[in-house]
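I opened the model to go through its sheet, its loops, its charged pairs and its pockets. The entries below follow that order.

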Amino acid sequence: IRNDERQSKIKPDYLSVTIAEGSTCNAACQICNAESSSLYAKLYGKERHEFTTIPLLKSIDSSRITQLSISGGEPSITPSVIEFLANDIRSYAIQSLALTSNGTRLMPNLDKALEVVPKVEVTLSVDGMGPVYEYSRWPLKWDHLLETLSDYLKLRDKCPNLILTVLPAYSALNVFMFDQVRDFASQYGMG
C-alpha cells in the first residue's frame, strides 16, 4: 500500500491508541508484578487474569487510528500481537507504530508492519548492562539481548522506517548505570 493511499484513509478525528496487550511474558523483572507477567505470576503462585485489548481495536473505525503503541507482557511472544502484525495492520491507517519489548527475540511479523507503516519504533527495555540487566530482567541473558539487537540492527539497515530506542526502567538496582546505558544506546544509534 502506498503512503498516499494510506493518507487518504485518515479521518480528521484520528486517534492515538496505547494498549498493554496481555500479560504473557518470558521474564519476571524486578520492577514487575503478576498482573503484567505470566512468568512472575507462575513463580510466585499468584492468580493471573489474562486480558487482551486487540479485539477492542477492531471495534474502532480503522481509519481513525493513526498512532498505535503496544506493550505487554512481552509483545514478541503474545499471539494476538503477532497475528495483528501479520494480517490486521494492513487495514489500518497507522502512520506510527511503537512496540515495547524486552528484546529477547525479533518481533515476529515486524517486517510486514514495516511494509505498510511509515514509522515503526521498537523500544528495548534495557535496565542495565551485563549482570545488572540479568538480575533486573531475570531470567533473561545479556548475551541473548545482544544477539537479538544484532538482528534488529540488520533489519534497521534494510528498513529506514525502523527506529530503535532504549528505555530503562530505573530503580535503586540500576540508577548508577544511567551513563553506561545511555552510552550503550548511543553506540548503536538508538535514542
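Entry 1, terms. I count two strands as paired if DSSP finds at least two bridges between them. Helices (H or I, at least four residues) and strands (E, at least two) are DSSP runs, numbered from the N terminus. The model is predicted, so I keep its limits in view: local features need pLDDT of at least 70, side-chain atom pairs count only at pLDDT 80 or more, and totals for chains, interfaces and linings use all residues. Residues are numbered from 1 along each chain as its sequence is written, and side-chain values use heavy atoms, with hydrogens and water left out.

Entry 2, the sheet. I traced an open sheet of five strands in the order β1-β2-β3-β4-β5, with parallel pairing. At its edges are β1 (15-20) and β5 (162-166), each of which pairs on one side only. From one strand to the next the twist averages 15 degrees; axes are lines fitted to C-alpha atoms, for helices over the stretch in contact, and angles run from 0 to 180 degrees between N-to-C directions.

I went through the bridges pair by pair. β1 is joined to β2 (residues 65-71) by six bridges, and L15 has I65 as its bridge partner in β2. Four bridges pair β2 with β3, in the parallel sense; here I70 has L99 of β3 as its partner. β3 (residues 96-101) and β4 (residues 119-124) run parallel and are joined by six bridges. I found A98 opposite E121 of β4.

I looked up α7 (residues 142-158), which lies across β4 and β5 and runs at about 145 degrees to β5. Contact here means heavy atoms within 4.5 Å.

I noted a cis peptide bond from W138 to P139, with omega near 0 degrees. P139 is in the loop between α6 (131-136) and α7. N109 is not a glycine, yet has a positive phi of about 70 degrees; N109 sits in the loop between β3 and α5.

I required a side-chain nitrogen of Lys or Arg within 4 Å of a carboxyl oxygen of Asp or Glu. The count by this rule is five. One of them joins R90 to E115, with the closest N and O atoms 2.6 Å apart. R90 is in the loop between α4 (79-86) and β3 and E115 in helix α5 (residues 110-116), so the pair ties together parts that are 25 residues apart in sequence.

Entry 7, pocket. I searched a 1 Å grid over the protein atoms alone; a pocket is an open set of points where a 1.4 Å probe fits, with protein on both sides within 12 Å along at least five of seven lines, and lining residues have an atom within 4 Å of a point. The largest pocket holds about 350 Å³ of space, the volume being that filled by probe spheres set on the points, which are joined across faces, edges and corners. I listed 20 lining residues, with G72, G73, T100, S125 and R137 nearest the centre.
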